Amino acid sequence: LPEAGLQSATGADIVGPRSFTAPAKRRPLRAWLKSDTFWACVVISPSVLAVLVFIYAFIAWTFYISVINWNDVTPDLTFVGLQNFVRLFQTPRFITDLRNTAVFSVFFLGQCLGIGLLLAILLDQKIKGEAFFRTVFVLPFAVSAIVTGVAWKWLMVPSSGINAIFGAVGLDFLQNKWFADPHIGIIATSIAGAWQMSGYTMALYLAGLRGVPGELRDASKIDGANDVQYYRYIAIPLITPVTFSAMIILGTISLRLFDLPASMTGSGPAFATDSPAFFMFETTFSQYRYSTGAAIGVVMLILALGLIVPYFFTVKEEIER
Amino acid sequence: MSVVLRPAGRLFVYAVLIFFAAYYLTPIYMLLITALKPFEKVGILQMWDLPTSLYLDNWARAIPLMAPNFWNSVMITVPAALISSAIGSLNGYVFAKWRFPHSNLIFMLILFGIFLPYQGILIPLVQVLTFFHLYGSIAGLIFVHCVFGMPITALIFRSYYATVPRDLLDAGRIDGAGFFGLYWWIMLPIAAPGFAVALIWQFTNIWNDFLLGVVVLSNPRLAPITVAINNITGSYSVEWNLQMAAAILAAAPTVIVYLLLGRLFMRGLLAGAMKG
């Protein structure tokens, strides 16, 4: 397909599947002011301005706050370089938080992608009552993380809840103290998070599987492939982009983890269920150590870049199509 | 073409599906039964038991307790979802159908907002809102949701408008419609379902938001319901059964919207994920 709408800055062109190359000639100012492109710019500019200020200028401002010494209610604008960061990385709580983020990400993504793919494949088998199952699986996604936290906090009461169920079906060895256990607290949090997001992941996978052309399935049948082989060698490799965007979305959620610790346990015993976002919130809005809070924010922004950059390389093609 | 599984295999598939349906419904079941029990019956030992009778006292207490914050959430969510969808419909139209200098780059810069960890901008946000006397007000939180809703609504509308054939717009231009005419007479009527998708998506996200609410509007009197729920569940002075009743009230609007308009909800979910 030839590049559609490649043109001079003043030309007005509707972008569409048919190719059209406007002559690259300069038009007088008056014509430009009447042109549709001008109005497109006018309409978009308040939004662009808001994004430039509220995202990009604010990020720059946060960087600035992170290198001054504003660690009290009254601002202290003394430049201290990376001192806030050095102190942050010497704070055991922050190290625990980074480890928690890593552990949460692994378990959260593992559950969401595993359960999501399994359920999507099962629902792809011409299931009776598919709409019912689909509705139930995605239902938790409509519930807020705060309510999710409240429900799972109750379910994970060490002396009853899920432990009582495990006891009743003879799985006593699975009983544990959940978020009250300093070693596995963050994994308990990931279980609540995966309850909310695994159905969402299923929906992404199911849409991906439904997008695989039917001829491929027929062809694989003719070649003697069974269902397992069809998914293993054809469907799952074809929906790699779904896995990729799901990983980035779920990774972003892991990095931002805040609502679940807030509603379940707070920081937990020995910061077992703490997160950088929760630490940042307490540091900034309860202790008024703004520069330290900003430094945590900067670390989170840098971690987020690790997710955003690969995402942009993949969507770039889609956008420029 | 259907997949031929042996009956035993199909039975296994249904067993797994039913197991997971139970997994997803258990926490909701737990919320419901606990909210329908008197305090003496929510003890650790009877936690899984069904309520013996319908006990509605929790509701008689939870509804007046949560009503002010419920209305705060309505006052925040409805305008914010409407305004951000309206802005998104214009932005999406521009990004989908018009080329202007650096339009792709600008679109990507806006998209970045979807992945932004808000902790990286919260301090300047509070400073700027305070400066404009918007900090701690419902209007301030509505404004914040409109700004940070822009990336996702632009994405949803852009992907929706991209399906509108160019011939339709060309025909409109021949009839003399300009930039706004094409939007008003052609795009917006076609995009009505897209509008519903964006509206539902924003409604769900804003209603369920906790972080921006607790930062911008933590005053218990004005706080949205998510913040209020967190306040009452954080204090051990409020009984479990009452907490669960309050949590159900907080979850009800988005769950009802999802159950009634599931198809549109799913479309928003897929558009927001930009399947790559």
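# Burial, helix packing and enclosed space

Trainee: What percentage of the residues of chain B count as buried?
Mentor: Chain B has 276 residues. Buried means under 20% relative accessible area with a 1.4 Å probe, protein chains only. On that cut-off, the buried share of chain B is 57%.

Trainee: Which pLDDT values do local features and side-chain atom pairs need?
Mentor: Residues are numbered from 1 along each chain as written, chains are lettered from A and ligands numbered from 1 in written order, and side-chain values use heavy atoms, without hydrogens and water. This is a predicted model in which totals for chains, interfaces and linings use all residues, local features need pLDDT of at least 70, and side-chain atom pairs count only at pLDDT 80 or more.

Trainee: How many helices does chain B have?
Mentor: From the N terminus on, chain B runs α-α-α-α-α-α-α-α-α-α-α-α. It has zero strands. The helix count of chain B is 12.

Trainee: What share of the contacts in chain B with a separation of 6 or more is between residues 24 or more positions apart?
Mentor: Contact means heavy atoms within 4.5 Å. The C-alpha atoms of chain B fill a box of roughly 75 × 65 × 30 Å along the principal axes. Residues 24 or more positions apart account for a share of 74%.

Trainee: Are H2(B) and H7(B) roughly parallel or roughly perpendicular?
Mentor: H2(B) spans residues 57-97 and H7(B) spans 179-190; their axes, lines fitted to C-alpha atoms over the stretch in contact, lie 12 Å apart. The angle is about 105 degrees. Angles of 65 to 115 degrees count as roughly perpendicular. H2(B) and H7(B) are therefore roughly perpendicular.

Trainee: How many residues in the contact of H2(B) with H7(B) are nonpolar?
Mentor: H2(B) brings B:Ala86, B:Ser89, B:Leu90, B:Tyr93, B:Val94 and B:Lys97, and H7(B) brings B:Phe179, B:Leu182, B:Tyr183, B:Met187 and B:Leu188. One residue of this contact is polar and one is charged. Ala, Val, Leu, Ile, Met, Phe, Trp, Tyr, Cys and Pro count as nonpolar, Asp, Glu, Lys and Arg as charged, and the others as polar. The nonpolar count is nine.

Trainee: At roughly what angle do H8(B) and H12(B) cross?
Mentor: H12(B) covers residues 262-273, and its axis comes within 8 Å of that of H8(B). The crossing angle is roughly 80 degrees.

Trainee: Which residues of H12(B) make the contact with H8(B)?
Mentor: From H8(B) come B:Pro193, B:Gly194, B:Ala196, B:Val197, B:Ile200, B:Trp201 and B:Thr204. By class, the contact has eight nonpolar, three polar and one charged residues. On the H12(B) side stand B:Leu264, B:Phe265, B:Arg267, B:Gly268 and B:Leu269.

Trainee: Which helix gives the most to the lining of the largest cavity?
Mentor: Lining residues have an atom within 4 Å of a point. There are 42, with A:Ile253, A:Arg256, B:Ile114, B:Tyr118 and B:Asn205 nearest the centre. They divide into 26 nonpolar, 13 polar and three charged. With six residues, the top contributor is helix H8 (residues 192-208) of chain B.

Trainee: Which helix gives the most to the lining of the second largest cavity?
Mentor: This cavity holds about 40 Å³. Its lining is B:Ser73, B:Ile76, B:Thr77, B:Leu141, B:His145, B:Ile206, B:Trp207, B:Asp209 and B:Pro224. Five are nonpolar, three polar and one charged. With three residues, the top contributor is H2(B).

Trainee: Which helix supplies the largest share of the lining of the second largest pocket?
Mentor: A pocket is an open set with protein on both sides within 12 Å along at least five of seven lines. This one has a volume of about 530 Å³. Of its 15 lining residues, A:Trp152, A:Ile162, A:Phe166, B:Phe19 and B:Tyr23 are closest to the centre. The largest share, five residues, comes from H1(B).

Trainee: Is A:Tyr231 buried or exposed?
Mentor: A:Tyr231 sits in helix H10 (residues 227-238) of chain A. Beyond neighbours within four places in sequence, its contacts include A:Ile121, A:Asp124 and A:Arg217. At 5% relative accessibility, A:Tyr231 counts as buried.

Terms used: Axes fitted to C-alpha atoms, helices over the stretch in contact; angles between N-to-C directions. Helix = DSSP H or I, 4+ residues; strand = E, 2+ residues; numbered from the N terminus. Parallel < 35°, antiparallel > 145°, perpendicular 65-115°, else oblique. 1 Å grid on protein atoms, 1.4 Å probe; cavity = no way out; pocket = protein on both sides within 12 Å on 5 of 7 lines; lining within 4 Å. Points joined across faces, edges and corners; volume = space filled by probe spheres on them. Buried < 20%, exposed > 50% of the residue type's maximum accessible area, 1.4 Å probe, protein only.
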